[in-house]
Amino acid sequence: MWEARSWTPTGNTGMKLRESALAVVLLVALTACGGGGGTAPPPNPVPNPVPNPVPNPAPAPVAPFGLAARPAQAVFSLPTRIATPGNFRIENAFPALPAFAAPLFVAAVPGDGRLVVLEQGGRIHALANDPTARTTRILLDLSARILFGGEQGLLGLAFDPDFARNRFLYLHYSASGPRRSVIARFRWDPAADLIDPASERVILEVEQPYTNHNGGMLAFGPDDHLYIAFGDGGGAGDPDRNGQDPDTLLGALLRIDVHPADPALPYAIPPDNPFAGRPGFRPEIWAFGLRNPFRFSFDRQTGDLWLGDVGQSAREEIDLIRRGGNYGWRRFEGTLDYDAATPLGGGVPAEAPILEYGRNEGIAVIGGYVYRGTRHGSLFGRYLYSDFGSGTLWALDRDGAAVRSNEVLTTVSSPTSFGEDADGELLVVSRSGSLQRLVDDSNGGALPLRLSETGLFTRLETLEPAAGLIEYDLNLPFWSDGTRKRRWFSIPDAERIGFRTAGSWTLPVGSITVKHFEIRLVEGDPGSDRRLETRLFVHTPNGWLGFTYRWLPDGSDALLLADGESETLTLTDTGGGTRSQRYDYPSRTDCLRCHTDAAGWSLGLETPQLNRDFDYPLATDNQLRTLDHVDYFDQALASPTTYDVFPSPDDATASIASRARGYLAVNCAPCHRPGGPTPSAMDLRYDTALASTGTLDAPPQSGDLGLVGARIIDPGQRETSVLWERMRRLDATRMPPLSSHRVDEDAVALIGTWIDSL
């Protein structure tokens with residue numbers, strides 16, 4: 001803490017004052033004697049021969065703080081508290097559509113706005129995600145080449161992570177001669193708006209001994225690898241004992257790289273697969289011990305992998321899949337002993353399900369999704385799943401590995417799958433031929449559709465924040481294509497920020513961060529500033545929720561976006577020339593690709609970023625000092641001078657190394673760090689020693705971009721450094737990859753000069 005201390009005399013100065021006081025006492029005594037007796041008048045007063053003691057100097061002035069006291073948090077219309085699920089029911093999402101024939105899956109088309117529906121018989125339909133839709137478009141009909149019947153047919157679909165560029169998608173279907181499961185890649189021709197049946201490339205085939213337990217789900221994980229679920233091969237009770245045999249692909253969840261370095265190969269084994277190189281194990285396996293993993297999904301926020309495994313005769317189970325896990329079948333059915341004589345495969349101990357239920361509640365679990373939409377705030381972060389037999393639709397809420405609650409929401413007729421639209425809203429596929437959607441008759445928990453309805457600002461014209469919404473600024477903002485930004489945060493009353501000297505601060509449940517974007521359409525003309533978007537990031541009891549409000553052209557208000565959007569801006573340079581620049585408004589999924597658990601969620605709120613002055617309403621003050629003064633932190637802070645500062649890229653007083661490392665920490669390290677969402681092993685955090693970043697003289701892990709002798713960072717050679725080259729590009733190899741359509745030329749020059757200096 002910073003304190004004003006009064007000055008007191010010490011040492012020799014104090015001794016001199018005491019001696020002077022004694023001299024005064026003696027002189028007064030002698031004068032009182034008059035030098036003799038009689039009645040002589042008293043002498044004239046003798047002036048004090050000792051100078052006045054040195055007065056205590058005035059206390060050093062304390063610089064004013066930016067805030068006098070911590071304001072109480074206003075009431076905002078945002079989902080910051082635990083809510084009880086409302087009064088839910090199911091309704092037909094597309095009542096005007098004719099029924100589908102045995103539908104099995106629904107998914108959103110990336111960047112398209114449409115949905116695709118798979119029919120088990122082999123057809124794929126496309127339809128507008130509009131409740132008034134009346135027709136569909138048949139994109140592909142594989143009925144002539146698939147084996148249909150029982151649990152066989154067209155079972156799964158996944159879009160390539162780079163679908164917008166390569167138009168690839170992957171299908172899981174059954175075939176005959178011999179009976180087998182096929183994983184194949186197809187291409188969606190954008191000109192014809194059809195999936196080309198002749199474009200098929202078979203990626204993987206697995207023979208199936210029986211007609212049931214094919215599994216069928218496939219999906220790309222946050223690591224951009226393809227995950228594929230296979231059942232135990234079928235037959236009652238796993239007669240071939242495939243579930244505990246790690247040398248077969250049956251009864252397992254696989255993970256493969258469908259973008260191998262050698263394009264002649266159908267796929268590659270990711271080197272970090274748990275059993276790669278282990279004798280007696282298939283290297284494709286990510287987890288095993290499964291009976292019939294009909295549906296699984298990734299939490300689009302945390303990346304957690306949830307799987308519903310259909311039981312034999314007594315237990316249905318929900319599993320949280322971890323790398324290298326053994327989920328017990330057929331040694332166990334759920335947590336029940338099924339066959340004690342079956343040894344555990346490879347000696348890998350069995351994992352218990354996070355939840356199981358018996359035959360009194362259902363007969364075949366249908367795995368679902370963790371809800372990350374915005375229509376139903378009370379469901380956010382809960383895992384929704386169902387059962388084909390009972391039709392019960394549950395919402396599972398957990399606290400770590402423990403189930404907090406498992407509530408019945410409603411029932412649906414013969415559910416076969418769940419699916420997410422582009423906005424994270426859930427659809428339920430019914431065997432009867434319809435797509436169903438959840439409706440909350442209590443109308444609770446929906447997000448406000450306008451920024452003005454959130455309660456965050458008392459005046460939108462000036463962005464005057466409501467009580468408890470504190471504005472702040474950063475030393476080194478993230479590059480956002482030349483936009484100008486303002487930022488605020490709000491912390492619940494009586495809660496504190498978890499302060500850290502390095503890395504993101506931790507914000508309690510109920511916290512809100514706000515980031516506002518504007519762009520200057522005419523360089524040098526402040527009157528041409530245009531409001532683009534205001535992003536909100538809310539810490540709910542079930543995780544962080546990010547969403548975007550896009551401003552109306554007249555700047556009067558901003559509307560909640562259901563999905564990502566784009567527009568082309570016309571900008572005028574100082575010389576009068578004009579240029580076009582694309583601007584992307586992120587979807588809620590896009591928000592969570594950068595704001596991750598590994599990065600600490602609240603990007604920007606960290607000590608080296610806020611260690612700077614800010615013009616508060618009361619005074620200009622260091623942000624750390626003011627926030628500490630009004631008790632926002634969970635600990636008392638030292639002087640701001642003791643903490644690091646991210647230097648600005650153009651700060652000539654800072655070393656080029658600190659400027660370069662700061663820029664990489666802000667713009668790259670949220671993903672490139674331990675536990676981050678990228679497949680590379682780079683660690684670009686500011687406090688990681690350069691030799692430990694995994695970049696110096698390291699071969700690139702995601703392509704060499706055509707550079708001869710490429711390295712991630714080639715010391716002394718920017719031209720052969722992939723890191724520098726990616727910053728200069730605007731194609732699919734661009735870094736950072738999201739919403740970036742303008743090169744940061746100053747940063748390219750800075751990083752290039754730094755690499756050349758190494």
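1. A residue counts as buried when its relative accessible area is under 20%, and as exposed when that value is over 50%. Keep that in mind as you read on, and remember that this is a predicted model. Cysteine 668 has a relative accessibility of 16%, so it counts as buried. Cysteine 671 has a relative accessible area of 18%, so it is buried too.

2. A disulfide is a covalent bond between the sulfur atoms of two cysteines. For cysteine 668, the nearest cysteine sulfur belongs to cysteine 671 and lies 8.9 Å away. The cut-off is 2.5 Å, so cysteine 668 is in no disulfide. For the model, the count of disulfides is zero.

3. Now for the nonpolar cores. The largest one has 69 residues, and Ile124 and Phe296 are the members that touch the most others. Apart from residues up to four places away in sequence, phenylalanine 296 touches Met217, Leu218, Ala219, Tyr227, Ile228, Ala229, Leu253, Leu305, Trp306 and Leu307. There is also a second, separate core of 25 residues, with Phe489, Ile497, Trp601 and Val630 among them.

4. Next, have a look at helix 8, which covers residues 745-757. How far apart are its end C-alpha atoms? They are 18 Å apart, and 13 residues at 1.5 Å a residue should span 18 Å, so the two values agree. The buried residues of this helix are Ala747, Val748, Leu750, Ile751, Gly752, Trp754 and Ile755. Among the elements that cover them are helix 6 (656-667) and helix 7 (722-728).

5. Four bridges join strand 20 to strand 21 (residues 383-387) in the antiparallel sense.

6. Finally, where is aspartate 112? Look in the loop between strand 2 (103-108) and strand 3 (114-119). Its relative accessible area is 30%, so aspartate 112 is partly exposed. Aspartate 112 and alanine 422 are 310 residues apart in sequence, yet their C-alpha atoms are 9.0 Å apart in space.

Key
Residues numbered from 1 in each chain as written. Predicted model: local features only at pLDDT ≥ 70, side-chain atom pairs only at ≥ 80, totals over all residues. Heavy atoms only, no water. Helix = DSSP H or I, 4+ residues; strand = E, 2+ residues; numbered from the N terminus. Buried < 20%, exposed > 50% of the residue type's maximum accessible area, 1.4 Å probe, protein only. Core = buried A, V, L, I, M, F, W, Y, C linked by side-chain atoms within 4.5 Å. Contact = heavy atoms within 4.5 Å. Pairing = 2+ DSSP bridges. Expected span 1.5 Å × (residues − 1).
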